[in-house]
Amino acid sequence: MKRVSVPWIFKSALIILLMITMWGEGYAELEPGTYVPGEVIVRYADTSSHTAIASVASSLNAGIGAEMIYTDDIMGIQGMQVVKIPDTVSVQEAVKYYKANQYVTYAEPNYITYLPKPIGNANDNVQEANTDTSGMIIPNDPDFPLQWGLYNSVNTSAGRADISAPEAWNISTGSSDVLVAVIDSGVDYNHEDLAENCVNGYDFVNNDDDPMDDNGHGTHCAGIISAVTNNSLGISGVSWRSKILPVKVFDAEGMSNTVLEILGIRYAEEQGAEIISCSWGGYIYSEALKDAIDSSTALFVCAAGNEGYDTDEIPFYPAGYNSANIIAVGASDANDVLTWFSNYGATSVDLVAPGERIYSTLPGGTYGYMDGTSMATPFVSGTAALIKSKKPDYNAGKIKNLILNSVDKIYWLNSTCVTGGRLNAYKPLSLALPLQAEFMAEPTSGTIPLNVQFSDLSSGEPETWHWTFGDGLESTLQNPTHLYMKPGKYTITLTVTKEGLSSIAEKEDYINVKPPYQPVKPFPDGKGGYYPAPTDPNNDGLFEDINGNGWLEYEDTKVLFEQIQYAMREEPIGQFDFDGSGFIGCGDVVTLYQMV
Amino acid sequence: MKHSCIFEILGAAIIIWLLIVPVSAYSLLYFNPAVVESNPGEQPEIDLIMEGCNTGLSGYVLYLMLDNPTVASFGEVTFPSWVSMNTVEHINSTTILIQGADLGEQVEPGLSIANLAKISIHAQKAGYATLRVEPVIIDDDRRGRYDPISKTASIVISGAGPSPMIPTSK
């Protein structure tokens with residue numbers, strides 16, 4: 001996997017800078033441009049007395065000549081205040097001054113955050129229509145074929161590299177009762193493909209109720225989450241009907257700060273948003289922002305960052321906060337490979353989602369492509385909205401667990417994120433359903449002819465059953481019996497359906513059918529003697545250990561090959577018929593080699 | 001009228017027979033070239049080829065026989081790359097046993113002709129010899145076994161001796 005390599009000296013310099021900034025002990029100047037001049041966030045200790053806090057704050061502010069801008073009522077967190085300090089005092093000195101007081105838990109600058117810059121512009125890439133769309137809902141939006149993240153006609157060795165949206169839409173297309181806050185640069189709420197799903201939001205940059213997007217980033221993210229879908233216009237959203245709450249905290253240049261972000265979070269909560277999409281972040285740890293997220297019941301879906309760093313070493317926030325209600329999202333490409341720009345982390349990034357060449361809405365009623373973990377994040381937010389539509393009582397932790405436990409695991413993503421997988425929208429929805437396929441069989445092992453009784457143990461009162469027995473035969477009975485006539489290990493699947501929903505249970509190599517036992521003879525060793533008698537190491541009735549040393553190895557293939565005429569003449573067929581042909585021959589040599 | 005009815009029934013029976021009896025799988029083992037002309041002391045090579053291996057090849061066990069060892073005897077046997085496991089056993093002066101297996105599944109169904117081995121012959125003295133192949137097993141990739149027809153090769157060793165080397169003049 002190709003990744004941008006960060007020189008060690010640069011990494012070290014960045015870490016040292018971050019440490020100095022975070023600790024703020026006055027040993028080095030704060031980097032100009034990383035904080036809002038003249039503003040400090042102070043959080044007082046919980047004294048359980050509002051009056052006591054007010055008294056201490058008033059006294060401290062007077063001591064330095066500071067003026068309170070936002071009270072803890074406005075910030076929504078007890079004891080958190082934002083103060084404006086006089087020009088004669090530096091932010092660094094003010095932070096040190098407040099922190100010296102025993103009633104102050106922390107004081108920090110109002111850090112500046114920038115929206116990630118778009119990584120690049122891709123060209124149109126219309127996918128060929130895949131004719132096999134059974135079990136899927138394909139919307140009529142004309143640009144749907146450009147949205148490979150929802151449905152990708154290209155398969156990798158690990159399967160289809162998309163979030164299985166058409167399968168998910170079989171279960172839910174979202175609900176207008178679910179509100180997703182897009183805390184970003186605003187949203188073009190007049191866009192033909194967004195207007196119907198947008199509710200009134202707020203602009204914290206200009207402090208008014210017009211959160212029109214003057215940057216483009218927020219509109220692109222909003223379209224991925226919940227563009228109006230199946231309206232014969234433009235694109236499809238992950239969730240067709242969820243409502244978008246535009247919360248503008250980034251200006252036209254893509255700049256914001258901790259205070260605006262906290263105000264945006266608080267507003268989103270007050271409006272009833274239970275999913276908050278945060279396609280932004282920075283490398284400076286803000287205790288205030290973490291407190292704001294930790295005190296919220298909403299699910300925060302956060303971008304992992306676009307610098308190609310290992311965020312286990314160089315954390316990126318808010319994605320990197322150790323908070324139970326945050327999902328950190330990296331970006332994958334159309335081949336399920338981590339994108340070259342995506343940050344990654346075996347402990348700090350939860351999963352990946354499509355984030356390269358993502359087509360979505362743009363301000364002014366237009367559409368276009370963007371790359372970034374910013375684009376991967378709304379895929380997860382949209383999926384969370386679909387789950388919420390089916391399970392309104394699920395809290396943030398439950399939705400997070402459901403999403404993380406049902407990714408499409410891809411082995412080459414193992415070291416890049418916690419789950420080692422890419423978002424799948426269908427699986428968490430199917431897990432949340434009451435319909436669950438399950439079965440058992442009795443007996444699961446025996447010699448031919450083996451008659452097996454299968455029993456349906458599915459929950460949710462299914463209406464139809466479809467069994468496959470692994471030998472090419474099938475049944476639609478609820479509790480069928482099946483007779484196995486050939487030795488082998490058979491994988492069983494049961495598909496149950498009810499009112500358009502379906503659930504599949506599969507048990508690999510579940511039924512072990514052995515040939516009738518007949519004594520086997522030792523094989524000649526080619527030197528005039530004999531090996532020990534062959535054995536059956538895995539107890540499947542086949543004697544794979546030809547040279548009798550107790551385990552299966554390449555040497556067994558070689559001995560069988562060299563002594564194939566002996567085997568044909570002297571050995572019982574059943575015990576050495578590895579390919580199920582009914583005779584001993586070269587096919588068994590090849591099959592044994594493949595088993596090795 | 002009665003005769004025409006019988007013919008109709010017979011005709012229908014023939015058509016049904018043609019439809020239900022499967023076309024027998026035709027496979028053939030032969031040598032290339034089929035006639036080898038050589039001089040004493042030379043070592044001509046002959047390819048052993050199988051035609052009609054339409055359902056792939058998993059491996060084979062074959063006897064090769066030369067009926068006149070004073071005229072021609074077996075030299076080295078080499079195998080094509082798909083024969084990833086192989087053995088050659090000299091049974092006696094006229095017979096060798098060769099075995100090969102396609103562990104890499106390179107001769108897959110659909111390939112109709114496969115080279116099984118290349119046999120080198122020691123031309124001993126003037127005379128005639130016949131090279132025969134007798135299959136023990138030839139197995140396909142679909143749990144089946146071939147039953148091929150075998151053709152022989154004729155080896156003619158002339159009495160003239162090796163052609164003289166003519167030095168090039170400057």
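Mentor: Two residues are in contact if their C-beta atoms, placed from the backbone, lie within 7 Å. This is a predicted model: local features need pLDDT of at least 70, side-chain atom pairs count only at pLDDT 80 or more, and totals for chains, interfaces and linings use all residues. Residues are numbered from 1 along each chain as its sequence is written, with chains lettered from A and ligands numbered from 1 in the order in which they are written.

Trainee: How many residues of chain A are in contact with chain B?

Mentor: Count each chain's side on its own. Chain B brings 15 residues to the contact. Chain A's number is 13.

Trainee: Is S12(A) mostly covered or mostly uncovered?

Mentor: A residue is buried if 20 or more other C-beta atoms lie within 10 Å of its own, exposed if 12 or fewer, and partly exposed in between. Strands (E, at least two residues) are DSSP runs, numbered from the N terminus, as are helices (H or I, at least four). In S12(A), residues 299-303, five of five residues are buried, and the strand is mostly covered.

Trainee: In which sense do S11(A) and S12(A) pair?

Mentor: Strands pair if DSSP finds at least two bridges between them. Here there are four bridges. Ser277(A) stands opposite Val301(A) in S12(A). The sense is parallel.

Trainee: Which residue of S13(A) is the bridge partner of Phe300(A)?

Mentor: S12(A) and S13(A), residues 326-332, run parallel and are joined by four bridges. Phe300(A) points the other way from Leu299(A), Val301(A) and Ala303(A). Its bridge partner is Ile326(A).
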